[in-house]
Amino acid sequence: MAHRLLLAPEPLPPVAFDSLGAIADLFKDRPTLFAGWTHYIAFDLFVARFIVLDSQACGMPHLLAVWAVPLTLFAGPAGFTFYMALRTVWTSTRGRAKAE
């Protein structure tokens, strides 16, 4: 929405996020569609790539980390938060295993 606020020549009408139809109506406006698409490209795809590369660098099994990618592509920050929590648990557990 911040992108839309910056691109909007006029004030935004009230927006409801409680139904798919209301969200579809929001994206009928070209500046809003552009802002949403830009966010998708800039955030979701690059963060999904980061998740894959970072999980490989941490030595995390692919089947453990791959679940965060679709969550990131569909729910943005929720997927990244899930991955960071998973990574924290993985690295702390792995550190304890090496100490023993």
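Visitor: How much of the protein chain is made up of buried residues?

Guide: In this predicted model, buried residues account for 21% of the 100 residues in the protein chain.

Visitor: Where do nonpolar side chains tend to be in soluble globular proteins?

Guide: The general idea is that nonpolar side chains tend to be buried together in soluble globular proteins. Here, the largest nonpolar core has nine residues, among them Val47, Ile51, Met60, Tyr83 and Leu86. Helices H3, H5 (68-75) and H6 (77-99) each supply at least two residues of this core, and H3 gives the most, with three.

Visitor: Which residues is Ile51 in contact with, leaving aside its neighbours within four places in sequence?

Guide: Ile51 is in contact with Ala65, Ala68, Val69, Thr72, Gly79 and Tyr83. For the protein chain, 54% of contacts between residues at least 6 apart in sequence join residues at least 24 apart.

Visitor: And the surface: which residues make the nonpolar patch of about 420 Å²?

Guide: Trp37, Ile41, Leu45 and Phe46 make that surface patch. Ile41 sits in helix H3, which covers residues 30-57.

Visitor: Why does Ile41 count as partly exposed?

Guide: Partly exposed lies between the buried limit, under 20% relative accessible area, and the exposed limit, over 50%. Ile41 counts as partly exposed because its relative accessibility is 33%.

How values were computed
Residues are numbered from 1 along each chain as its sequence is written. This is a predicted model: local features need pLDDT of at least 70, side-chain atom pairs count only at pLDDT 80 or more; totals for chains, interfaces and linings use all residues. Side-chain values use heavy atoms; hydrogens and water are left out. Buried means under 20% relative accessible area, exposed over 50%, partly exposed in between (1.4 Å probe, protein chains only). Contact means heavy atoms within 4.5 Å. Patches are made of residues with over 30% relative accessible area and no salt bridge: like charges are joined within 9 Å, nonpolar side chains (Val, Leu, Ile, Met, Phe, Trp, Tyr) within 5 Å. Accessible areas come from the Shrake-Rupley method with a 1.4 Å probe; for residues, only the protein chains shown count as cover. A salt bridge is a side-chain nitrogen of Lys or Arg within 4 Å of a carboxyl oxygen of Asp or Glu. Helices (H or I, at least four residues) and strands (E, at least two) are DSSP runs, numbered from the N terminus. A nonpolar core is a set of buried Ala, Val, Leu, Ile, Met, Phe, Trp, Tyr and Cys residues joined through side-chain atoms within 4.5 Å.
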